[in-house]
Amino acid sequence: MKALLLKDFYVIIKQMKVFLVLIVLFAFLPGTSMTVFAIVYAALLPFTALAYDDRAKWDTYARMLPYPETSAVMSKYVLGYLLMAGSVPVAILGGVFKMLVFKDGTNFNEEALQIGLSVLCGLLFLAIELPFVYRFGVEKGRLVFIGLCAILGGVAGAYFAVNDGSLHFPAMSESLFIVIACVAVAALQALSVFLSVRFYKAQKK
């Protein structure tokens, strides 16, 4: 798996230098959505790596190599986890920068909450997107992603419009809501990996 991850890192660094710079830039721009975008975009880079694999017919070559199907699929999930882990310190630095320079009234706890929810959102995108790509291919998976963004963007926009741009948790403690959300996303990740491996093996038959 290490070699597969290195291959994906080399491709992303070579092909997407501008977008990696944009992730850093978005983390330092004022506004909650910019932090969300920086982390979620990092979570979507495995999809981009799959698109480059598809364009280069990498999968045809990879199937002749002694890699278990599980490693080939898991490498994309681990790539997403590592890229998000790398974007979080950047988002934290960006949050501190915005608090000190723009003085928008956001405190560190609110910034940490935004980053935590952004990570959950990124994991949600990763869990939903990859099984569709392994089942239907990159192009149809791209359509699913666009539809998903439109739906979530509409829901988020309606939520913030109703709540005056602020986050309000349902009738339970904030900590309990976060624990439930983490458990739900972890379960969704496990289901996503299971489905992706199954779809990938089905392609090989």
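**Annotated spans, a buried alanine and a cavity**

Residues 73-92 are 100% helix and 0% strand, with their end C-alpha atoms 30 Å apart; helices (H or I, at least four residues) and strands (E, at least two) are DSSP runs, numbered from the N terminus. This is a predicted model, in which local features need pLDDT of at least 70 and side-chain atom pairs count only at pLDDT 80 or more, while totals for chains, interfaces and linings use all residues. Residues are numbered from 1 along each chain as its sequence is written, and side-chain values use heavy atoms, with hydrogens and water left out.

**Annotated spans**
- The unreviewed UniProt entry annotates residues 73-92, 112-134, 143-162 and 177-200 as "transmembrane region", and such annotations may be inferred rather than shown by experiment.
- Residues 177-200 are likewise 100% helix and 0% strand, and their end C-alpha atoms lie 34 Å apart.

**A27**
- A27, which belongs to helix α2 (residues 17-28), counts as buried because its relative accessibility is 1%, buried meaning under 20% relative accessible area with a 1.4 Å probe, protein chains only.
- The C-alpha atom of A27 is 7.3 Å from that of G95, although the two residues are 68 apart along the chain.

**Second largest cavity**
- The lining of the second largest cavity consists of A43, L44, F47, F125, L126, E129 and L130, where a cavity is a set of points on a 1 Å grid over the protein atoms alone at which a 1.4 Å probe fits but cannot get out, and lining residues have an atom within 4 Å of a point.
- Two or more lining residues come from each of α3 (32-55) and α6 (108-136), and α6 gives the largest share, four residues.

Note on methods:
Buried means under 20% relative accessible area, exposed over 50%, partly exposed in between (1.4 Å probe, protein chains only). On a 1 Å grid over the protein atoms alone, a cavity is a set of points where a 1.4 Å probe fits but cannot get out, and a pocket is an open set with protein on both sides within 12 Å along at least five of seven lines; lining residues have an atom within 4 Å of a point.
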